[in-house]
Amino acid sequence: MDEHEILAALGGVEKRIAAAEEAAGRPKGSVTLIAVSKTKPVEAIEAAWRAGQRHFGENRVQEAQTKYPALKEAHPKLVLHLIGPLQTNKARESVRLFDSIHTLDRPKLARVLAEEMERASRRPEILIQVNTGEEPQKAGVVPGELDALVDYARWEMDLPLVGLMCIPPLEEPPGPHFALLADLAEKHGLKQLSMGMSGDYEQAIALGATHVRVGSAIFGERPAPD
Ligand SMILES: *Cc1c(COP(=O)(O)O)cnc(C)c1O
């Protein structure tokens, strides 16, 4: 997509977010749009930035490292979210590059993130990814193990834990997964709810999303993942 198309698409998504906030009786601006730029070139990200977009998301640390250090230097107000799985051997780079990490899902990663935050004197916000559909191939902690991970991350590792994230199973209606995530977050007093993508962000907002992660509806379709 060229600059003009990105501008138009972004405007359309912003309008639909505002309408969904209003329909849900939620304050205007209560939902943060994360523009997911994976596989997209820096030019597309710059176009979205010029259109006023400030929050961006990437799902691979390595790809983010090729694009975002220069972008963040040029635009200090840019806020970068990691929304894909994180290996412990990428924790150091991640703590330095990202402002928010949505995919904590195991105690060992919590411990390594705490060590790297100490080392870098930098504390990106942390969300726990919950595998609400209990899909064996999917990242995230299963709901039954969430309490223990929240306690460990928050009280033992002293991480800046702010919310929960989920990716509902592709073949199921997302509503019940969004509702479950909202219940779990409330139970733990966690304020951020990262849920909703291009196909379902309005429904996610109706169910309490504070952060929606929208890629293709802004930047156009991506090549199929390999
Ligand atoms: C790619 C991705 C998105 C955005 O998906 P779209 O359907 O293109 O909006 C959201 N969340 C995660 C975790 C992703 O990997």
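Let me begin with the ligand, which sits in the largest pocket, where a pocket is, on a 1 Å grid over the protein atoms alone, an open set of points with protein on both sides within 12 Å along at least five of seven lines, and sitting there asks that more than half of the molecule's atoms lie within 2 Å of the pocket's grid points. Please keep in mind that this is a predicted model, in which local features need pLDDT of at least 70 and side-chain atom pairs count only at pLDDT 80 or more, while totals for chains, interfaces and linings use all residues. Residues are numbered from 1 along each chain as its sequence is written, and side-chain values use heavy atoms, with hydrogens and water left out.

Around the ligand there are 13 residues, the closest being Lys 38, Ser 198, Gly 215, Ser 216 and Arg 222, and here a residue counts if one of its heavy atoms lies within 4 Å.

Which atoms of Ser 216 lie 2.8 Å from an oxygen atom of the ligand? The answer is a backbone N or O atom, whereas for Arg 222 an N or O atom in the side chain is 2.8 Å from an oxygen atom of the ligand.

Turning back to Ser 216, its place is in helix 9, residues 216-219, and leaving aside neighbours within four places in sequence, Ser 216 is in contact (heavy atoms within 4.5 Å) with Ser 198, Glu 221 and Arg 222.

Definitions and conventions. A polar contact is a pair of N or O atoms within 3.5 Å; within protein, one must be able to donate a hydrogen and the other to accept it, and residues adjacent in sequence count only if both atoms are side-chain atoms. On a 1 Å grid over the protein atoms alone, a cavity is a set of points where a 1.4 Å probe fits but cannot get out, and a pocket is an open set with protein on both sides within 12 Å along at least five of seven lines; lining residues have an atom within 4 Å of a point. Helices (H or I, at least four residues) and strands (E, at least two) are DSSP runs, numbered from the N terminus.
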